[in-house]
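The following questions and answers set computed values against the definitions behind them. Please keep the structure in view while reading.

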Amino acid sequence: MPFALSADRERELEEILKRYPTKMGACIPALHLCQDQNGYIDDEIVLYVANRLDLPPAHVKGVVTFYTLFNQKPVGKHQLWVCRTLPCALRGADGILKHCEKKLGIHAGETTADGKITLRTAECLASCGTAPMMQVDKDYHENLTPERVDELLEKLRA
Amino acid sequence: MLKPTNYLTKVYGLPNGWTLPVYEREVQGYQVAKRVLTSMSKDDLVAEAKKANIRGRGGAGFPMGVKWSFMKPHATKPAYLVINADEGEPGTHKDRTIMELNPHSVVEGCIIGCFGIGAHVAYIYVRDELHLSKERLWAAINEAKAKGYLGKNPFGTNYPIEVYVHTGAGAYICGEETSLLNSLEGRRGEPRLKPPFPAQVGAFGCPTTVNNLETIAIVPTAIGMGGEAFSKLSAIHNLNDGGIHLYGINGHVNKPCVVELAVGPTIRELIEDVGGGVLGGKALLAVIPGGSSTPVLRADDRVDAPDEKSPLHPWHGKSVLDVPLGVDTMRGVGTMLGTCCVTVMAEGTCMVAAMHNLMQFYRHESCGQCTPCREGSGWLLRSVEKILEGRGSMEDIDNLADVANNIMGNTICAFGEGTAMPALGFLKKFRPEFEAYVRGEKTKDRDARLAV
Ligand SMILES: Cc1cc2nc3c(=O)[nH]c(=O)nc-3n(C[C@H](O)[C@H](O)[C@H](O)COP(=O)(O)O)c2cc1C
Ligand code: SF4
Ligand code: FES
């Protein structure tokens, strides 16, 4: 079956389209809706968005490949991003990352064998005053210690 | 002496401080927008905004009122206000606090800003990772709309205003204003050649003003008290650098945080009085004054301004740590004010590793349109990596400087300078550290420490 947005997401897209003078304006928000539903963006979704917004598929594909947060292949159920940039590094981000890698048994950029957790590094997440920090799905976790990381990982694996 | 203020931050600690009832109760929220829309002319508003001497908070320090005055009505095209909340410059953590804790100041600022530039729609471009910020901004917009402060007839006037939140999808370059506009239009976030400037051809081909989120959030305060009174809150009002500002302090201090102060604190005051001193009582080695693109200062740098006409002359011979932070004062000491968030590095921090960390960032974030930036950011990273890993030569150090100098001035957008300037800063201020790695006196395993 070709890809289609769920009814409530389709309604949301209708609302989004009203905000912009062009259909193209809804391209990035539409891709976010699709990724929310599907977890990643494949060529079928590219075609769907292209048709829905009257854009060439190559345009949509170009957008998908430009932005880091669009997944082009399946990812774990939970996304874990450890900020690695200088202000966090000054407060021990490297230790936090190594701790995550050890506990999860994977390297940054990989997904655990059970498909539950994808671990990645992030560039500065505007949280340098509460470093070190990481983002887990949509939430920020700040002023991290290895103990707090352990608690978080426990919850995610449960 | 530091002059703490609480215009933007008064509601920060309050229960539900981000909601409309608290904003209205604590700071007479939306009264300024109401007064502007019901009793001021566009020209009066822009004149008042100019007097406030608000220097853009996005990094370049452009006078906000002057930027508004570039907007001329177009015969057929609408105008847009676009708010830059892409906050991604490493070391910058101030805009997020406003969105999370005082989103109504942003919405009220957008109402006034739209009126000032002749726009009826404002887009707030928030980086996608900031989910709580987006949520709070949308909630604030909906509250304001329900009260009739936005929509078809704000405050009963015939000046319709809509405010929308738009999100990116993870790309530092989208903070650059023309890249941001492309991203808003649904394109790849590649910067555009200027001219034309956004005031002529901006969002969707229409005249557009791009203001940083903090810049717009302070507008209700500035217009409320009157431009001149607002400007005079600043310690360096005489340098046309007015009002109050959020300052961040991060890295090696005891209490990293964000505070609101009259413009013009010194770096030493921020470290000692706000940040609670250098972490663990260590000696200070260096500071990055306003985000990773601003060249590093050494703790022992002195001001060199023998010319009596120089705005920096009063500080001639003094420590750079005792110069008030301002757009022109920081330029005068060879760096930039940037985003007013200071990154502190204590004795024992490895400057080669610090540069390596930042060059990884720039390599990752270059959009790749211009050869000097795309290739140069790669060369910079590879060369500093070579040095750090003990494989470098003295030529590699000179090479780094050559590559950086070749990026400067040869690119479409200021990302190029933002990469080259800090690289040159590290090399100029800490060359002996790079040489120590080349000579094998320092090694990565033993010495490349960032967390001290
Ligand atoms: C590479 C690059 C990244 C930038 N990132 C941001 C940003 O995250 N937020 C921001 O407000 N301005 C950023 N700017 C500056 C904007 O281009 C623009 O000058 C600013 O949004 C204008 O607002 P202001 O005049 O209120 O400062 C960036 C500039 C460059 C070159
Ligand atoms: S300077 Fe760099 S980031 Fe800017 S347009 Fe050129 S390649 Fe892209
Ligand atoms: S460096 Fe990690 S949040 Fe800024």
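Contacts of the ligands and chains

A polar side-chain atom of B:Asn84 lies 2.9 Å from an oxygen atom of ligand 1. This is a predicted model, in which local features need pLDDT of at least 70 and side-chain atom pairs pLDDT 80 or more, while totals for chains, interfaces and linings use all residues. Side-chain values use heavy atoms, without hydrogens and water; residues are numbered from 1 along each chain as its sequence is written, and chains are lettered from A and ligands numbered from 1 in the order in which they are written.

Q: Why is the pair of B:Asn84 and ligand 1 called a polar contact?
A: A polar contact is a pair of N or O atoms within 3.5 Å; within protein, one must be able to donate a hydrogen and the other to accept it, and residues adjacent in sequence count only if both atoms are side-chain atoms. The distance for B:Asn84 is 2.9 Å, so the pair meets the limit.

Q: What makes B:Gly58 a polar contact of ligand 1?
A: A polar backbone atom of B:Gly58 is 2.7 Å from an oxygen atom of ligand 1, and therefore within the limit. B:Gly58 is also among the residues that come nearest to ligand 1.

Q: What makes the meeting of B:Arg96 and A:Glu142 a salt bridge?
A: The term requires a side-chain nitrogen of Lys or Arg within 4 Å of a carboxyl oxygen of Asp or Glu. Here the N to O distance is 3.1 Å, so the pair qualifies. The count between chain A and chain B is one salt bridge.

Q: How is the burial between chain A and chain B expressed?
A: Buried area is the accessible area (1.4 Å probe) that two parts lose on being put together, summed over both. For chain A and chain B this is about 3,700 Å², with 60% of it on carbon and sulfur atoms. In chain A, A:Phe66, A:Leu86 and A:Leu90 lose the most area to chain B, together 18% of what that side buries.

Key:
Near = heavy atom within 4 Å.
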